[in-house]
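Q: I'm new to reading protein models. Could you walk me through one, feature by feature?

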Amino acid sequence: MSIGETACSYAALILHEEGISVTSEKINTLVKAANVEIESYWPALFAKLFEKMNVEDFISNIGAGGGGAPVAAAPPPASSAAAAAPVAEEKKEEAKEESDDDMGFSLFD
């Protein structure tokens, strides 16, 4: 999080706590009063954010980070017997891979 984001987040929280509407002018006033230099676009971005999002929702999601790409749901299996067959095959393949200790040497010799 950049200094601009942090300063605007705190300013928005202060305004919300005091019951004052969150606007870009008020965010900018608080940031300047704190002697923090930020890019001019941050207050407007946060003001637009809080027009659409409740500050309390922002507080509860502050550490959540960005949402990742949605995960596609797997299609339902055709039948339970068909689904069980690939699992059994995978277990057989793993057993073949585990036979590496028959090579006649070990890593620690």
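Q: How many aromatic pairs does the structure hold?

A: The general idea is that a pair of aromatic rings is described by the distance of the centres and the angle of the planes. Rings of Phe, Tyr and Trp (its six-membered ring) pair if their centres lie within 6.5 Å; planes under 30 degrees apart are stacked, over 60 edge-to-face, and the rest tilted. The structure holds three such pairs. One of them joins Tyr 41 and Trp 42, tilted, with 5.0 Å from centre to centre and 40 degrees between the planes. Phe 46 and Phe 50 also pair: their centres are 6.2 Å apart and their planes stand at 40 degrees, so this pair is tilted.

Q: What should I know about the model before going on?

A: It's a predicted model: local features need pLDDT of at least 70, side-chain atom pairs count only at pLDDT 80 or more, and totals for chains, interfaces and linings use all residues. Residues are numbered from 1 along each chain as its sequence is written, and side-chain values use heavy atoms, with hydrogens and water left out.

Q: Which residues form the aromatic cluster?

A: Tyr 41, Trp 42, Phe 46 and Phe 50 make up one cluster. Phe 46 and Phe 50 are four residues apart in helix H3, so about one helical turn separates them.

Q: Is Tyr 41 buried, partly exposed or exposed?

A: Here you look at relative accessible area: buried means under 20%, exposed over 50%, and partly exposed in between (1.4 Å probe, protein chains only). Tyr 41 has 44% relative accessibility, so it counts as partly exposed. Trp 42, at 12%, counts as buried. Phe 46 is buried too, at 7%, and so is Phe 50, at 11%. Over the protein, buried residues make up 16% of the 109 residues.

Q: How many helices and strands does the protein have?

A: Helices (H or I, at least four residues) and strands (E, at least two) are DSSP runs, numbered from the N terminus. This protein has five helices and zero strands.

Q: At what angle do H2 and H3 cross?

A: Axes are lines fitted to C-alpha atoms, for helices over the stretch in contact, and angles run from 0 to 180 degrees between N-to-C directions. Helix H2 (residues 24-33) and helix H3 (residues 41-52) have axes that come within 8 Å and cross at roughly 130 degrees. Angles under 35 degrees count as roughly parallel, over 145 as roughly antiparallel, 65 to 115 as roughly perpendicular and the rest as oblique. H2 and H3 are therefore oblique to each other. Their contact (heavy atoms within 4.5 Å) is made by Ser 24, Ile 27 and Asn 28 of H2 with Pro 43, Ala 44, Phe 46 and Ala 47 of H3.

Q: And how are H1 and H2 placed, roughly parallel or roughly perpendicular?

A: The axes of helix H1 (residues 3-17) and H2 come within 9 Å and cross at roughly 110 degrees, so the two are roughly perpendicular. On the H1 side, the contact uses Ala 7, Cys 8, Ala 11, Ile 14 and Leu 15; on the H2 side, Lys 26, Ile 27, Leu 30 and Val 31.

Q: Which residues does Phe 58 touch?

A: Leaving out residues up to four places away in sequence, Phe 58 touches Ser 9, Phe 46, Leu 49, Phe 50 and Met 53. Phe 58 sits in helix H4 (residues 55-60) and, at 12% relative accessibility, counts as buried. Phe 58 and Leu 13 are 45 residues apart in sequence, and 9.5 Å apart in space, C-alpha to C-alpha.
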